[in-house]
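Here is a short briefing on one structure. Please look over the sequence and the model before reading the notes.

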Amino acid sequence: MKISIFGLGYVGCVSLGCLTKNGHEVIGVDVSEFKVDLINRGKPTILEKDIDNIIKSGFEAGKIKATLNAEEAVRETDLSIICVGTPSSPYGHLNLSFIYKTAEQIGEALKTKDSFHTIVIRSTVLPGTNQKYGEIVEEFSGKKRGQDFSVVSNPEFLREGSAVKDYYHPSVTVIGGDHPEALEKVASLYRNLDAPIEITDIKIAEIIKYINNSYHALKITFANEIGNICKSMDIDSHKVMELFCKDTNLNISPAYFKPGFAYGGSCLPKDLKGLVTLGHDHYVQTPVLACIEASNEHQKKTAFELVAETGKKKVCFVGLSFKEGTDDLRYSPSVDLAEVLIGKGYNIKIFDENVRLSKLIGANKAFINERLPHLSDLIVNDLEAAIKEAEVVIINHRNFDSTAYSDVLKEKHAIIDLVRVNKLEELPNYEGLCW
């Protein structure tokens, strides 16, 4: 394939070299005459392991060249990859002027080009950039998106120092777009790599790198705070974290990575608070760990606000225990939500097939007597009747059989889902907590 790459910085140079190594002909485009000259002499624009030999080989094979002329590059290629910089402002906003300048240049070039052109945004951009990019191309070209060109989002996950290795051994290749032929063309660039190709929505492709890098930052900060606590107690923090990483069922795994309601139970709140207190007692600040509880409380507030926004007062809870399949009500976020609603004058009914007042004992019974002393007046055994009576239904357990109650649910003012029961999303009155 004939490809043009806009931006000959880190991502652009690596992409240019690796694509030519895979057999493609590539034209680099940049506003820097110095970078263009380097490529046209078979030299890389960056210092990175293996890239010098790759660029040299591609240049000697006649598969690499560079130009200052964007219009020429677009006319000579079938696909353009955008790798220009998106620097951050002091307030966290991105400077997308370089991105949109390429949209203008490509738009101008497409005025006189008859064949379909695929544009791939490889730069890190915020959701909505792809859409605006296409609008600019339409404005400057007079052409139509989906008919004369397409814009595909394809975020890169290259690390400095191992960029070439990362290019050939990604965990996953993410491609977002709205044109099947263009998506297939971009996917074909990565068919030879031993990694899954995920075709997804444009905005998902645009946001995923921000999610990845923010989580990486969180991991580093988490490990550092654990290290600081351990050091204050003369504990080997590296051995602690090595042991932590051996748990691939919960710690290093997809477990808990589903957006939903707040955490609860007898362990997580208690142990988190204990660790933060331990750090405090040893004069160690733990800003990240200390903020987890506040974030969890905010999620409960978000759930309450969804109910309050309905303007209705009759509420039915489906599930009260903090984890379905148990009767454990201790520190259940649903108990907290029910308590707030009662305090605000809501009329609530609760159905939980595992919660029976006669069987509550010990700490579980003491907790519920303190938080919801009139639970016996709230618990119901007939779920269908409770739903019929309610104006708002709150779903807190995933095992809820929505199909059995679909007709009566449609008549409710709102269905508020805290756990994501997929079949409920088809209802017109459905509202997910954070989806």
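Helix 11 (residues 268–281) has 14 residues, which at 1.5 Å a residue should span 20 Å; its end C-alpha atoms are 20 Å apart, so the two agree. The expected span is 1.5 Å times one less than the number of residues. Helices (H or I, at least four residues) and strands (E, at least two) are DSSP runs, numbered from the N terminus.

This is a predicted model: local features need pLDDT of at least 70 and side-chain atom pairs count only at pLDDT 80 or more, while totals for chains, interfaces and linings use all residues. Residues are numbered from 1 along each chain as its sequence is written, and side-chain values use heavy atoms, with hydrogens and water left out.

**Helix 11**

- Leu-272, Val-276 and Gly-279 are the buried residues of helix 11. Buried means under 20% relative accessible area, exposed over 50%, and partly exposed in between (1.4 Å probe, protein chains only).
- Viewed down the axis of helix 11, its buried residues fall within an arc of 55°, so they line one face of the helix. The arc is taken from the directions from the helix axis to the C-beta atoms.
- An α-helix has 3.6 residues a turn, so residues three or four places apart point the same way.
- The buried residues of helix 11 pack against helix 9 (202–232) and helix 12 (287–310). Contact means heavy atoms within 4.5 Å.
- Lys-270 and Asp-281 are exposed residues on the face of helix 11 turned away from its buried side.

**Cysteines**

- The count of disulfides (pairs of cysteine sulfur atoms within 2.5 Å) comes to zero.
- Cys-13 is in no disulfide; the nearest cysteine sulfur, that of Cys-18, is 9.2 Å away. Cys-13 is buried, at 0% relative accessible area.
- Cys-267 has its closest cysteine sulfur in Cys-230, 20 Å away, which is too far for a bond. Cys-267 is partly exposed, at 44% relative accessibility.

**Thr-67**

- Thr-67 is in strand 3 (residues 64–67). Its relative accessible area is 10%, so Thr-67 counts as buried.
- A polar atom of the Thr-67 side chain lies 2.9 Å from the backbone nitrogen of Asn-69.
- Leaving out residues up to four places away in sequence, Thr-67 touches residues including Ile-27, Val-36 and Glu-72.

**Ala-308**

- Ala-308 sits in helix 12. Ala-308 is partly exposed, with a relative accessible area of 32%.
- The C-alpha atoms of Ala-308 and Leu-341 are separated by 8.9 Å, with the residues 33 apart along the chain.

How values were computed
A polar contact is a pair of N or O atoms within 3.5 Å; within protein, one must be able to donate a hydrogen and the other to accept it, and residues adjacent in sequence count only if both atoms are side-chain atoms.
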